[in-house]
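Hi,

Here is the model I said I'd pass on.

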Amino acid sequence: MPSSEPAARPRAMTKLRVNGTDHSVPIDPDRSLLYVLREELRLTGTKYGCGEGECGACKVLVDGVAVRACQTPVGEAVGRSIVTIEGLAQGEHLHPVQQAFVEAGAFQCGFCTSGMIIAAVSLLARSSQPSVEEIRAAMDGNLCRCGGYLRIIDAVQRASRLSSGAGGAVP
Amino acid sequence: MTASPAVIPFDLLPPNERPYFDRFGNGLVVVLPPRQPDPSGWGAGGPPHGGAWIHVGEDGKARAFIGKVEVGQGTRTALSLLVAEELRLPLSSVELTMGDTDLCPWDMGTFGSRSMPDAGEHLRLTGAATRTFLTELAAVRLSAAPTEVELAEGTAKARDSGRSVRYGELVKGLRRVELVPSDAKPNPPSKWTRAGRPAQDVGAREVVTGNRRYTSDLHIPGMLHGKVLFPPSCGAKLRSVDLSRAQALPGVTAIHEGDLVAVAAPDLRMAFAALKALRAEWEATPQPSEKEIVEYLRHHPVEGEDFWDMVHHETGDVGAAFGSAPVSLRETYTTAYIAHAPMETRAVLASWEDGRLTVWLGTQTPFRAREAVSDALELSPSNVRIIVPPTGSGFGGKHTSDLAVAAARLAKAAGHPVRVVFSREEEFTQAYFRPMAVVDIRSAAEQDGTLTAWEFHVLNAGASAARLPYRVANQKIDNQPSDSPLSQASYRALAATANNFARESHLDEVAARVGADPVEYRLRHLADDRLATVLRTVAERAGWSPRPAPAASGSGRGIAVGLEKEGRVATFAEVRVPEDRHLEVVRIVTGFECGAIVHPTNLRSQVEGGTVMAMGGALFEAIHFENGRILNPSFSRYRVPRFRDIPPIEVILLDRPDLPSQGGGETPLIAVAPAIANAIYDATGKRLRSLPLTPDGTVP
C-alpha cells in the first residue's frame with residue numbers, strides 16, 4: 001500500500017509544550033488546539049464532543065486552568081504549558097483525581113471522562129475542599145450523556161480527600 | 001494496528017474446524033452452540049442466537065467470547081465476573097472478547113436488555129462446563145476422585161492428598177474442543193463469591209488515563225478521513241452532483257455510487273473542504289412539521305416493521321364495561337422525538353487487505369453490520385470482519401451500518417484505509433430518533449375506585465410496557481405503527497417510556513377522580529407481587545404519606561411503577577413549583593429489581609444514569625423540526641441533563657438471588673417521567689400529558 005501522507009507544503013513551525021515535552025507543530029491560526037492535539041500529535045485522550053464549547057469533552061489544562069480545546073486557537077497555547085489527560089499520571093502512579101474516578105466508578109462509556117477529570121483537577125487547584133454546589137457549578141459545562149453526574153461529584157470529593165490526606169498539592 | 005490475517009470467521013465453521021489453537025495457543029476450548037431463543041422471551045421467533053466459547057490456555061487464563069458488545073453499559077465487567085465465578089479465577093485472569101465477528105459467536109445485537117439474561121446465561125453454562133472438564137483433568141493428574149477435587153484461584157487441589165496443580169499446567173499440550181453438555185450446572189447466585197459483589201470496571205485504568213482507544217481515536221498508517229454528503233432536509237432526493245471540484249483538491253477521492261456521495265482526504269480539514277466543493281442539486285418535497293405531527297401520525301398508519309414489537313390484547317368485554325361504568329376517563333398522552341446524542345458520535349474505520357475488509361465500528365449490531373457491508377460490496381461474509389472498539393455509548397442509536405458501507409466504499413476507491421466520524425450536527429441530523437408516541441387511553445371504574453375497563457392504543461412508538469401490570473377485568477390494548485416523517489428506530493427504553501408515562505399518569509388521574517391515594521390505589525390493583533414489593537419499599541424509603549387529593553401547595557410528590565423486560569421499577573419524585581412556575585426536582589427515590597444482581601456497582605450506575613437520562617426526555621429534550629429540517633441539531637440548542645439538573649437520587653437495589661438475572665439498562669428509566677408528572681400535579685393541580693413536561697423549565 002503506497003504511503004498516503006499528503007505531500008506537505010513547507011509550513012512555518014512553532015513549538016507547543018504538551019505534557020512537559022516540546023512538539024513542533026505548524027503555525028496556523030485557524031487550527032484549534034483540539035485539532036492539533038488529536039490529529040497532529042495523536043493525543044487522542046482529549047475528545048471531540050461538539051465543536052462548540054458545550055460539552056467539555058475536549059478540556060485540557062493550559063497553565064493549570066481547564067480550557068475547551070475546541071474553542072482555543074492553537075496560537076493562544078504557544079508558549080504556555082499544556083497538560084492533557086495523558087500527562088496527569090506519574091508513570092504508574094495515578095493522579096489523585098484519576099484514582100478517585102476509578103474508586104468511585106465515576107464513568108460508564110468513559111468518553112466524557114478525560115474532560116471531567118481535567119475540569120476537576122482545575123477546580124481542585126483553586127478550591128481544595130469544594131462543596132457539592134461548587135462542584136456542580138464548576139463542572140456544569142461538562143456533559144455526561146450516560147448520566148454519571150452523582151458518581152462524578154463523589155469522585156471529586158474523594159479526590160479532594162485523597163489530595164489533602166496525602167498532604168500533596170493538586171497540580 | 002493492522003487487520004487480522006485472512007481467516008474464516010469462527011461462527012461460520014463447525015466447532016471442531018475452528019482454528020482456536022492456532023490463534024490462542026494450546027488449551028481447552030468449551031463451546032456452547034447457538035441456541036433458539038426462549039419462546040417466552042423478548043427475542044421469541046428470531047433466528048438461533050447467542051452461544052459462547054471459552055478457551056483456557058497454558059498461561060492459566062480464560063478467554064471468553066461472546067457476540068454482544070460493550071458500549072458503555074458495563075457488561076464487559078459483569079460478564080467477566082460470571083466467567084470468573086464459574087471458573088474460580090481472579091477477575092484479572094479472565095479476558096472477554098465481545099462482538100468481533102471473526103472470533104465471536106453470532107449474535108443478533110446488543111439491545112432489549114438481553115446481555116445479562118442471554119450472554120450472561122450462556123457464559124455461566126459454558127463456564128460451568130469448563131469447570132467440570134478442568135475438574136476431570138485434575139482428577140486424573142492428581143489421582144483423585146473428581147468429587148475430591150476443589151478449584152480455587154486458578155488452581156485445582158485434591159482434598160485428601162493436598163496436592164495441587166495450576167490450570168495452565170492441566171491444559172499443557174492440550175488441543176481439545178468440547179461442547180457444553182445439556183446438564184451443565186452453573187453455580188447458583190446464592191453461592192456466588194465473585195459475582196454479586198462490588199467490583200471495579202476492568203478497563204478503568206485505560207479510561208482515566210485517556211488511553212482507551214475508541215473508534216474515533218483509531219489511526220492506521222496511510223489512513224484518509226472521509227465525509228459523506230447528506231441531503232439538506234429529510235426526504236430530499238439527489239438530482240445531480242458534480243465531483244470535479246472536490247477531485248481537483250490534492251489527495252482527495254470523491255465517489256458517487258448509488259445513493260452514496262462521499263469524499264476522502266489526507267486530513268480532516270481537507271475532507272471538509274472537499275465536501276464543501278461538491279456541487280449537488282437536491283429535490284425536496286414538502287414534509288410535515290412539528291405543529292401538525294400528531295394529526296399526521298394519526299392519518300398515516302403503516303404495517304409494522306422489524307423494530308416494532310406488536311401487541312393486540314383483548315380480554316373481557318370492554319364495550320359493555322364502559323356502558324355501565326359510574327366513572328370513566330379518556331385522555332391522550334404524547335412523547336416527543338428525541339435524540340440519543342451519544343458523547344461519541346458515530347464512527348468507523350475501514351481497511352482493505354488482500355481482498356478482505358476489516359471494519360472497526362462503534363455499533364450495537366456487529367453481525368448485522370457484517371451482513372450489510374458484505375451485501376453492499378458483494379463480498380462473502382467470510383471476507384468481512386467487524387471489530388467493535390470501546391464505544392462512547394449507544395442508547396439504541398448505533399444499530400445502522402450505512403456509515404460502515406460508506407467507509408468501505410471510500411477505502412476501496414481510494415486504495416487507503418478511511419475513517420469517517422460524524423460531526424455533532426451530523427449526529428443530530430443523520431442518525432435516527434426515538435419515535436414520537438401518541439397514546440390514547442380510556443378507562444372505567446366503580447364508585448369505590450375498582451378499575452373495570454382499560455382501553456389503550458399507542459400510535460407509532462411500539463408495544464413495550466403497553467400491557468397492564470394491574471388487574472382489570474376488561475382490557476383492549478393495541479399499537480399502530482405510523483409513517484414517521486423523521487427517521488426513527490431503536491432507543492433505550494423506547495416505547496416503554498411512552499407507554500409507562502401514559503399508563504402511570506392516567507392511573508394517577510383515575511385515583512384522584514375516585515379520591516384514592518396513588519400508592520394504595522396501585523397496590524390495590526397490582527397483579528405482580530414482585531412489583532408490589534418494589535413499590536412498598538420505595539414508598540417507605542421516600543416517607544410517603546397518603547394523599548387522596550393534590551395538595552396544590554407548590555410542593556408535590558409523585559410515584560409511578562413499571563414492569564418491563566422482566567425488571568421491576570418504582571420511582572418517587574418530589575418537586576417544587578414556586579410562584580414563578582419554575583420547576584425544581586428536589587429528590588428522586590427509585591427501587592429496581594431484576595433478579596439476581598451480578599455486578600451491583602455497575603447496576604447502581606445504570607439505574608442512576610438511566611434516571612438522569614430519563615429526566616432529560618421527561619423535562620426538556622425534544623427534536624424540533626419544520627418541513628424536513630431539524631431546527632436544533634447541537635448541544636446549545638438541544639438541551640440534555642447537566643450537573644445543575646440533577647437532584648439527589650437514592651437508588652434501592654432489590655437483590656433476588658433465587659431468580660434469573662435480567663438486564664438493568666432500560667427499565668429503570670420508565671417510571672421517572674410519570675413520577676415527575678404526578679408530582680407536578682400534586683404540587684399545582686395541573687396535569688401535564690406531553691413529554692417533555694417543561695420544555696422551557698416552567699410549568700405551564
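Below are my notes on one helix pair and some salt bridges.

Keep in mind that this is a predicted model.

First, the helices. Helix 16 (residues 600-619) of chain B packs against helix 17 (residues 672-684) of chain B at about 55°, the axes being 8 Å apart. That angle makes helix 16 of chain B oblique to helix 17 of chain B, and the crossing is right-handed. On the helix 16 side, the contact is made by Thr611(B), Ala614(B), Met615(B), Ala618(B) and Leu619(B), which meet Val672(B), Ala673(B) and Ile676(B) of helix 17. By class, that contact has seven nonpolar residues, one polar and no charged ones.

Within helix 3 (residues 115-141) of chain B, Arg124(B) and Glu121(B) are about one helical turn apart, and their side chains form a salt bridge (3.2 Å, N to O). Arg124(B) is buried at 12%, while Glu121(B) is partly exposed at 31%.

Glu283(B) and Arg239(B) also pair up, at 3.8 Å from N to O. They lie 44 residues apart, in strand 13 and strand 10 of chain B. Here Glu283(B) is partly exposed (42%) and Arg239(B) exposed (55%).

Cheers

How values were computed:
Residues numbered from 1 in each chain as written. Chains lettered and ligands numbered in written order. Predicted model: local features only at pLDDT ≥ 70, side-chain atom pairs only at ≥ 80, totals over all residues. Heavy atoms only, no water. Axes fitted to C-alpha atoms, helices over the stretch in contact; angles between N-to-C directions. Helix = DSSP H or I, 4+ residues; strand = E, 2+ residues; numbered from the N terminus. Parallel < 35°, antiparallel > 145°, perpendicular 65-115°, else oblique. Left-handed = near helix turned anticlockwise from the far one by under 90°. Contact = heavy atoms within 4.5 Å. Nonpolar A, V, L, I, M, F, W, Y, C, P; charged D, E, K, R; others polar. Salt bridge = Lys/Arg side-chain N within 4 Å of Asp/Glu carboxyl O. Buried < 20%, exposed > 50% of the residue type's maximum accessible area, 1.4 Å probe, protein only.
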